[in-house]
Number of protein chains: 2
Amino acid sequence: VTDSAAALRTAFLGYIDCLNTQAWQRLGEFVDDEVRYNGRPVGLRSYREQRQAEFENIPDLHFAVDLLACDPPHVAARLKFDCTPRGTFLGLPVGGRRVQFTENASYAFHQGRIAAVWSLIDREAVKRQLPQ
Amino acid sequence: VTDSAAALRTAFLGYIDCLNTQAWQRLGEFVDDEVRYNGRPVGLRSYREQRQAEFENIPDLHFAVDLLACDPPHVAARLKFDCTPRGTFLGLPVGGRRVQFTENASYAFHQGRIAAVWSLIDREAVKRQLPQ
């Protein structure tokens, strides 16, 4: 598997499609067994469980790529969300309210798969959309 | 001015160096007159004032590039900070405490200069470093 910018773009968009279609059995094609998340070793199984839990809490979750920068071995993306978390989200009592927010995330690829993720979600934007 | 990946990398690192050396009179070499910040039209003058105000509040502010992805016309960076804000920072009473945090930011270049910035700072990380 080559890690050219074009290959990374294809792999990353495949990863996003895998999430959006909840094709969990295919996640290992895109995510390394030893994936790290925000500096912590997480591993594919736990990473998958966390993504599944997000879809359980947010049934209309959809990852939309707003900006994508592919520069081997790194990918950085700005992701946009417009969704309706059921309960608590990011520690906020969102409870069925539809909210818009962004995530700025960067990824390190290793042999065609995501080996590390650094993610920041705009929690303040969500907070601003809740009653004060 | 070309916007190749290498040119963007050079321009971006020049921008970071301009900030770190507080070479404010040179900021216009790197930032477009009509720069937008997190979707809002800000303009170079106001953008410069905001960066200057940050250095006033954080005398030991230093931008360290932890990850850089250059994919014309976009640049995405993970920036690391280890600094001592004097007063309130991100609405938090940091007051002279040394804190570490990251920023995930992406940039759109236009004719060699930064025309748009989308920035997210890890406010929760700062919060975790304060007394509860």
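Predicted model: local features only at pLDDT ≥ 70, side-chain atom pairs only at ≥ 80, totals over all residues.
## How the two copies relate

## The interface

Four salt bridges are found across the interface of chain A and chain B. For an example with an N to O distance of 3.5 Å, look at the side chains of A:Arg123 and B:Glu124.

## A cavity lined by both chains

Rolling a probe the size of a water molecule over the atoms shows where empty space is left. Searching the whole structure that way turns up one cavity of 30 Å³ or more. The largest cavity holds about 60 Å³ of space.

Who lines the largest cavity? From chain A the list is A:Ala76, A:Ala77, A:Arg78, A:Asn104, A:Ala105 and A:Ser106, while chain B brings B:Ala76, B:Ala77, B:Asn104, B:Ala105 and B:Ser106. In terms of elements, two or more lining residues come from each of strand E4 (74–83) and strand E7 (99–110) of chain A, and likewise from strand E4 (74–83) and strand E7 (99–110) of chain B. Sorted by class, the lining has six nonpolar, four polar and one charged residues.

## Salt bridges overall

Side chains of opposite charge can pair when their charged atoms come close. Over all chains, the count of salt bridges comes to 14.

One of them is within chain A, where the side chains of A:Asp32 and A:Arg113 meet at 4.0 Å, N to O. A:Asp32 sits in strand E1 (residues 31–37) and A:Arg113 in strand E8 (residues 113–121) of chain A, so this pair ties together parts that are 81 residues apart in sequence.

## Backbone details to check

Which residues does a cis peptide bond join in chain A? They are A:Pro72 and A:Pro73, with omega at about 0 degrees. A:Pro73 belongs to the loop between strand E3 (64–71) and E4 of chain A. In chain B, a cis peptide bond joins B:Pro72 and B:Pro73, again with omega at about 0 degrees, and B:Pro73 is in the loop between strand E3 (64–71) and E4 of that chain.

Then there's A:Gln22, which is not a glycine but has a positive phi of about 50 degrees. You'll find A:Gln22 in the loop between helix H1 (5–20) and E1 of chain A.

How values were computed: Residues numbered from 1 in each chain as written. Chains lettered and ligands numbered in written order. Heavy atoms only, no water. 1 Å grid on protein atoms, 1.4 Å probe; cavity = no way out; pocket = protein on both sides within 12 Å on 5 of 7 lines; lining within 4 Å. Points joined across faces, edges and corners; volume = space filled by probe spheres on them. Helix = DSSP H or I, 4+ residues; strand = E, 2+ residues; numbered from the N terminus. Nonpolar A, V, L, I, M, F, W, Y, C, P; charged D, E, K, R; others polar.
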